[in-house]
Amino acid sequence: MASILVVDDDEPIRDLIGGILEVGGYDSTLAADAFEARKILKKQNFELILCDINMPGESGLDFVQYAATEYPNIAAVMVTAMDDPMLANHAINIGVYEYIIKPFERNGVLISVGNALRRRQLEIDNRTYRLRLEKKVEERTAALQDSMEKLQKSLEGSIQAIARTVEMRDPYTAGHQQRVAKLAGAIADEMGLSDDISYGIRMGGLIHDLGKVSIPAEILTKPGRITKIEFELIKTHPQVGYDILKSIEFPWPIAKMVFQHHERMDGSGYPGGLPGSNIILEARILGVADVVEAMASHRPYRPSLGIDKALEEISINKGKLYDPDASEVCLRLFRQKGFLLD
Ligand SMILES: [Fe+2]
């Protein structure tokens, strides 16, 4: 049985409405003004408020607006002697369902009440459905986010594992790929590239020398000068790395980065001798980071040349061998922003 709160300062009308509702099978509670009605609302649940407009104290419209805010599941119908279209319009705008003009007939009141209750139920069902749907979408989104993060982690884990495989055979360049990844990522960030591109460059940096797995460890770790033949062998590592990676569909052009990281702007690099315009930006950035890190680190065949010598190389050959923007940014990172390789 629906509970209805009747608010009217006119006692005979209040009682009359109460009587009609009782006959219609509703449970009604009567209040003489908004003040009393507010007190009742605090203690009791209602489905519907039937409310007069002109009452001493707070007006019916103000009260109904308050009730709609505080108790969103209660519907409201105005009952008034004033047949004013402006007022009716205002009432509808604040969410009142119906507008009954006095004098009214019993059946008219019951029809309006029945309609209002049905519409209220529909709106509640609709709201519940929408909330449930929103919650489901939220849950699915969170689950998707979670599996994306897991996927990202396992991708990064696999790349790290590949990186360690190369470095295990070649202890002198252990950490080289990590440091190149760090510097290349920092250059990409400083160049204003997107987080996604920067991340891809870091991943490419971590395994850019993967192809060295095919070179005998004695050559990689050989102290002193290497022969021309040995150097020719070392020069195959970008192609070997590319061949290993090319069939993996990374979200970034990792295989290409690996293939092109020794290419130079003037076409003097290897293995393709590509001109700068044919080298992807990621590989041009990796190229700068690779040279700086390699020169600044100890090698089996020579001690570290120092970071200043490495930066000088970049500074002299930017635009000729190395991407000019990436070079400038790299110099700025070390000289002005306190970047450190380790
Ligand atoms: Fe390399």
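**View 1. The five-stranded sheet of the predicted model.** In this predicted model, five strands form an open sheet in the order S2-S1-S3-S4-S5, and their pairing is parallel. Strands of a sheet pair through backbone hydrogen bonds, either parallel or antiparallel. The edges of the sheet are taken by strand S2 (27–31) and S5, and because each of these has a single partner strand, one side of each is left without a neighbour in the sheet. On average, and with direction ignored, neighbouring strands of this sheet are turned by 20° against each other.

**View 2. The pairing of strands S1 and S3.** Strand S1, which covers residues 3–7, runs parallel to strand S3, residues 48–51, and the two are joined by four bridges. Within this pair, the residue that stands opposite Val7 is Cys51 in S3.

**View 3. Helix H1 against the sheet.** Helix H1, made up of residues 11–23, packs on the sheet, where it touches S1, S2 and S3 as well as strand S4 (75–80). The direction of helix H1 makes an angle of about 170° with that of S2.

View 4. Lys102 and Pro103 are joined by a cis peptide bond, for which omega is about -5°. Pro103 belongs to the loop that lies between strand S5 (98–101), an edge strand of the sheet, and helix H5 (106–169).

View 5. Another cis peptide bond leads from Tyr270 to Pro271, with omega near 5°. Here the proline, Pro271, is found in the loop between two helices, namely helix H11 (254–260) and helix H12 (281–296).

Methods:
Residues numbered from 1 in each chain as written. Predicted model: local features only at pLDDT ≥ 70, side-chain atom pairs only at ≥ 80, totals over all residues. Pairing = 2+ DSSP bridges. Axes fitted to C-alpha atoms, helices over the stretch in contact; angles between N-to-C directions. Contact = placed C-beta atoms within 7 Å.
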